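Me: I would like to learn how to read the features of a model like this one. Could we take them one at a time?

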Amino acid sequence: MRRGMQRALEEIFTPARVRTAPEDLATWGGDWTRAFKVAPGAIVFPRSIDEVVEVTRLANTRGLHLVPSGGRTGLSGGAVASNGEIVVSFDRMNRMLDFNAADRVVRCEAGVVTQALQEYAAARNLFYPVDFASSGSSQIGGNISTNAGGIKVIRYGLTRDWVAGLTVVTGAGDVLECNNALVKNATGYDLRHLFIGAEGTLGFVVQADIRLLTAPAPARVMVLAIDRFADILDVLQCFRDALTLSAFEFFSELALTKVLSHREVSRPFARAANFYALIEFDADDEEAALGAFERAVERGWVGDGVISRSDAQARALWTLRDGITESIAPYTPYKNDIAVRVSDVPAFLEDIDRLVSAHYPDFEVCWFGHIGDGNLHLNILKPENLASDAFYERCHRISPALFEAIGNRGGSISAEHGVGLLKRDFLHYSRSPQEIALMRQLKAVFDPNGVINPGKLLVH
Ligand code: 2HG
Ligand code: ZN
């Protein structure tokens, strides 16, 4: 980076909060995707909204490009800096600012880690229900920017449902206070929702008002053996008719074997099945759940099952599902995060499985995901002896056919991980030309000089 530019950044952030050492660039310039070049110009760590405004104004006057960065757990390259951009990390903006018990709203800075928010709520006998495997490091600003979903969507919805208010710095450097944590506010366009899921392309999310709710009863977890994927919706229906579920997740035997070989956990039951469903519900509903289990076994949909008898056991069962991403990471997985309507899930999985197995009989295909909301994670694993470039190239070749199959069912090429760099060139499979043109116009309104996260979501 040019010295003049470094000095200008240091004037805003002090030298201690401008980093250019190669190891820092490598750490803060990337996210969980390993497929993209990581080459930022510098990393800056604002402590206040004013500093975010200043760096955005500097970017507008000097033609700099900025990349917002949270916990760097993204899986679509939305926070990757590949072209000398300045990464704006929210690691130092991680304070809880205010809690109002009557409103049940906490105001926090964008860099608050998801788990810290969950613990803050629990300490007040309340609950922040959005949860996923990366809760220990993902940040609330990043969750908002991707409208993160996770494992409890069937009961509690997505991040969007818990954002009562938002403070953003637009790409032009203006501060917008959106919605002020009001429950009702019928005064025109709700700009808050435009910024949720915008992947940092319109501006920076700097603070958020997050709604909390009454803590639910203690949870029970069941893992069920399901041999025919076609039965999975019947199982979902059978349980849903009897009780309220807070999760209905699934994973394949291959996914399970990867977790078993990478984590300190054991098989849920002796016999292996083709698929497993993990369900969670309130302890008060245990009897209803056991009744549903018996009915599902009688009908032949479920072959075996186990129920947690303690919190530790519940956590161990959850590891079988939320340990998958980390356990398959060493296999350089080629990721797809796709959604169809829940009713289409079994037929769709079979279509895609057939397509992938026909083209890549030599690749391991790892399925898991959130059946309860129609979101499937398809991870293709790289054989050890194949070079990464050759592997990605072969996977890319099948993407159009895969996305066409998704489009034919009115599905989405990205259910919850965002578009970023990874799915950017395929956006048209899920959004119409009119929609993409309108998105471009919106980008130009909020970020007229294209300084924030250029090249993400929309082709530059
Ligand atoms: C999950 O559901 C995450 O565990 C990650 O969305 C999915 O690694 C993946 O493909
Ligand atoms: Zn997921």
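Me: By class, how many nonpolar, polar and charged residues are in the shell around ligand 1?

Reply: Bear in mind that this is a predicted model. Sorted by class, the shell around ligand 1 holds two nonpolar, five polar and three charged residues.

Me: Which residues surround ligand 1?

Reply: The residues around ligand 1 are Leu75, Arg321, Thr325, Lys335, Phe368, His370, His377, Asn379, Glu416 and His417.

Me: Which polar side-chain atoms lie 2.7 Å from an oxygen atom of ligand 1?

Reply: A polar contact is read from a pair of N or O atoms within 3.5 Å. Arg321 places a polar side-chain atom 2.7 Å from a ligand 1 oxygen, and Lys335 also has a polar side-chain atom 2.7 Å from an oxygen of ligand 1. For His417, an N or O atom of the side chain is 2.7 Å from an oxygen atom of ligand 1. As for cover, ligand 1 taken alone exposes 300 Å², and the protein buries 91% of that. Two elements give two or more residues to the shell around ligand 1: strand 17 (364–370) and strand 18 (375–381).

Me: Next, a single side chain. Is Arg17 buried or exposed?

Reply: The cut-off for buried is under 20% relative accessible area. Arg17 has a relative accessible area of 5%, so Arg17 is buried. Arg17 is found in the loop between helix 1 (3–13) and strand 1 (18–19).

Me: What lies 2.8 Å from a polar atom of the side chain of Arg17?

Reply: The backbone oxygen of Phe45 does. Leaving out residues up to four places away in sequence, Arg17 touches Ile43, Val44, Phe45, Pro46, Arg47, Glu51 and Arg92.

Me: How should I read a nonpolar core? Which residues touch the most other members in the largest one?

Reply: Look for buried nonpolar residues joined through side-chain atoms within 4.5 Å. The largest nonpolar core has 51 residues, and those touching the most other members are Met222, Leu224, Phe239, Phe248, Phe250, Ile371 and Leu376. Helix 14 (residues 388–408) gives the most to this core, with eight residues. Another core, of 29 residues, lies apart from it, with Val112, Val168, Ile210 and Leu212 among its members.

Me: Which residues does Ile371 touch, not counting residues up to four places away in sequence?

Reply: Ile371 touches Phe229, Ile232, Leu233, Phe248, Phe250, Val342, Val345 and Leu376 on that count.

Me: Where is Phe403?

Reply: Phe403 is in helix 14. Its relative accessibility is 1%, so Phe403 counts as buried. Phe403 and Phe426 are 23 residues apart along the chain, with 7.7 Å between their C-alpha atoms. Not counting residues up to four places away in sequence, Phe403 touches Asn336, Ile413, Lys423, Phe426 and Tyr429.

Me: Which residues of helix 8 are buried?

Reply: In helix 8 (residues 232–242), the buried residues are Ile232, Leu233, Val235, Leu236, Cys238 and Phe239. Their cover includes strand 12 (219–226), strand 13 (245–252), strand 14 (275–282), helix 10 (286–298) and helix 13 (345–359).

Me: Last, the backbone. What is the phi of Glu199?

Reply: Glu199 has a positive phi of about 55° and is not a glycine. Glu199 lies in the loop between helix 7 (191–195) and strand 10 (203–211). With 8% relative accessibility, Glu199 counts as buried. Arg72, also not a glycine, has a positive phi near 60°. Arg72 lies in the loop between strand 3 (66–69) and strand 4 (86–89).

Conventions: Residues numbered from 1 in each chain as written. Chains lettered and ligands numbered in written order. Predicted model: local features only at pLDDT ≥ 70, side-chain atom pairs only at ≥ 80, totals over all residues. Heavy atoms only, no water. Near = heavy atom within 4 Å. Polar contact = N/O pair within 3.5 Å; in protein donor to acceptor, adjacent residues only side chain to side chain. Areas by Shrake-Rupley, 256 points an atom, 1.4 Å probe, with all protein chains shown as cover. Helix = DSSP H or I, 4+ residues; strand = E, 2+ residues; numbered from the N terminus. Nonpolar A, V, L, I, M, F, W, Y, C, P; charged D, E, K, R; others polar. Buried < 20%, exposed > 50% of the residue type's maximum accessible area, 1.4 Å probe, protein only. Contact = heavy atoms within 4.5 Å.
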